[in-house]
Amino acid sequence: MSVESAYTLLFEGALLWMGLLLLIMLIRAIIGPRVTDRILAINMIGTMVSSCICILAVVLEESYLIDMALLYSMISFVTVLILASTYIAKTPSRGRFASEVAEEVGQEKKWLKAYQEESGKEMP
Amino acid sequence: MTLNEFRHKCAAWMQGDVDVMEHILDGSEQPDLSREERKELEKEQRERRSLSQYSRPLVRAQQKGFYFLYTITAITCCVALIGVLLFTVANLPRYGEENPRTVEVVERYVEKGLEETGAVNIVSGMILDYRAFDTLGESHVLFTALICVMILLGKDRKNMRREYEDFYMVSQDTYFEISKDPIIRCVGMVILSGIFLFGIYILLNGQISPGGGFSGGAVMGAALILFASAFGFEKVDRFFTGKLLKIISFVSLAFYSFAKGYVFFTGANGLENHIPKGIPGAILSGGLILPLDIAVGMVVACTMYGFYSLFRRGSIGKGVIR
Amino acid sequence: MGEWIRFGLIALCVVTAMTGFTAAVIGANRFGFVMNRMHAAGIGDTLGIFGILLALMLKEGVGMVTAKMAVIIIFLWFTSPASSHFLSQIEYFTNPHLFRYTDRDLTVRSSMPAAGSGEGEANSEIEAVHSGNPGNNAAGYSSAKNKAPELSQTEKNRKEEKA
């Protein structure tokens, strides 16, 4: 067995294994209960795909694919950043600690309910 | 009364200071409106009443079966369109069969592409030389989309009201700005210049390596968005205002249209007599492809940043769109 | 023989990277909460990409491709912790049930300035000064304190259900 075939075997095995891992990661992206799970899974998939592209660039001897890998990782970072800023800014907790706000709102509802039961008037 | 005030009042009520339901439950909910505000309120109510009067003919039309006719027409149009499309699909050559026309075109591109366009990257030569009209349409589509978003989401005098100001403040990140975070500032300082340079590199190497106008412009737009996220919109407004965006978009599209219009007018033979092709593989090669690439990249970068800015704060550049 | 030694080094790097990626994927699928999953994914982002790109750099030798790969490594090592930070910020600011998964005291303390490590009353004072709204926050803090036993009971119930 020559060195070349050994290299081919190694890199192709790595590519196949990473394809399997990508599929498993996709499960998390689909079933993730929260938005952050999905973003995390997509970020992870981006990292793995960019390393796959690097392997392909060496195996196929096409050096321009490295540029694509760099671009891919860049775009995935910008995605996370923009989603974070937009998503936080649009939530009703307005940039405060969300569970505190939820607690306060829950308290308000409780008070309002108690007031309604006491006075018998309608809620605003 | 905003939610925040309400929350504070609730907290104060729990301490036993204030009765929260004071003005709400007995119906006297606008205690201290000034005279002008009350006038405005009355004017609005009058407008609402007159609107309902204007809509009466529409109601009558509905009663006469306007919607029935509308539904019938829509269904007829849809069925006709589906029939035409299915007929076209049925007449296409089967998959795997040799179609002489497409094979001819592909052979022509592969064999004579480098010779005729001067671009090593055959895709770039195709989309900016043989099919430049298509790319012209694409960049105009981007520009049109930007205009539509500007019309719909742009803040101006007419769609801003005093009572919604709080809502706008929320949507403009006044309560939370990610650019206040020191981590993103440090990361931005390190990687931003690299991203800008990488975008320019992709943009200028369009005729040599994969990339070109669309991807290079997208990277530059992403860099602008990252800049806005890292250091705030105010820093971007110093060098990239709405006026500059309009100027860049217009000049790029006008240059593209005039250059390619001239080419098509003279029989789609290219500008071979005026711009030399250069050596294949050098940066200054490919004739018109490099300037067209730059034009497309500028439009794409402007569109991406414009979308982000409009969706985030309702305007490009400082202040309100007039 | 030297070729084979180089191949051995490269194979070692690739196997390390694959281990890292596998650990990341298993962790991201098995852990129960986003913060823990984030920890797992960070391993893949740093160790995995470093192993793969080191192997490829060893394979390629000195040149333009190697320099670009080094740029990718540096870029990912800069951005991966930053994106983890933003993810945790999303979770922190938008998840109203965060305290169910974490230590309640820890989260309260982290929302205050660093000096707040004293007793309960001192804490509430600091928090009030910090946010500039005394009545509201004092109420919130005291209510949180009152709520704590209930929460622990619900947690016990959940554990029993799981068992």
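What share of the 163 residues in chain C is buried? Buried residues make up 44% of them. Buried here means under 20% relative accessible area, exposed means over 50%, and partly exposed lies in between, with a 1.4 Å probe and protein chains only.

A word on the ground rules. This is a predicted model, where local features need pLDDT of at least 70 and side-chain atom pairs count only at pLDDT 80 or more, while totals for chains, interfaces and linings use all residues. Residues are numbered from 1 along each chain as its sequence is written, chains are lettered from A and ligands numbered from 1 in the order in which they are written, and side-chain values use heavy atoms, with hydrogens and water left out.

Let me stay with chain C. There are 7 helices and 0 strands. Helices are DSSP runs of H or I with at least four residues, strands are runs of E with at least two, and both are numbered from the N terminus. Along the sequence the pattern reads α-α-α-α-α-α-α. Take the contacts in chain C between residues at least 6 apart in sequence: 51% join residues at least 24 apart. A contact means heavy atoms within 4.5 Å.

How confident is the predictor in chain C? The average pLDDT is 70, and 58% of the residues score at least 70. pLDDT is the predictor's confidence in each residue, from 0 to 100. Among the elements of chain C, helix α1 (residues 2-30) has the highest mean, at 91. Helix α6 (residues 120-131) has the lowest, at 38. Over residues 104-152 of chain C the pLDDT is below 50, and this stretch has 44 contacts in the model beyond near neighbours in sequence.

On to chain A. Its secondary structure comes to 4 helices and 0 strands. Buried residues make up 52% of its 124 residues. One of its residues is A:Ser51, in helix α2 (residues 35-60) of chain A. Is A:Ser51 buried or exposed? Buried, because its relative accessible area is 0%. Setting aside neighbours within four places in sequence, A:Ser51 is in contact with A:Met18, C:Phe21, C:Ile49 and C:Ile52.

Now chain B. The average pLDDT is 78, and 73% of the residues score at least 70.

Look at a helix pair in chain B. The axes of α7 (residues 132-153) and α12 (residues 242-265) come within 11 Å and cross at roughly 155°. That angle makes α7(B) roughly antiparallel to α12(B). For the cut-offs, under 35 degrees is roughly parallel, over 145 roughly antiparallel, 65 to 115 roughly perpendicular, and the rest oblique. Axes are lines fitted to C-alpha atoms, for helices over the stretch in contact, and angles run from 0 to 180 degrees between N-to-C directions. Residues making the contact include B:Phe133, B:Leu136 and B:Phe143 of α7(B), and B:Leu253, B:Tyr256 and B:Phe264 of α12(B).

Last stop, B:Arg238. This residue is found in helix α11 (residues 233-239) of chain B. B:Arg238 counts as exposed because its relative accessibility is 68%. B:Arg238 and B:Gly317 are 79 residues apart in sequence, yet 8.6 Å apart in space, C-alpha to C-alpha.
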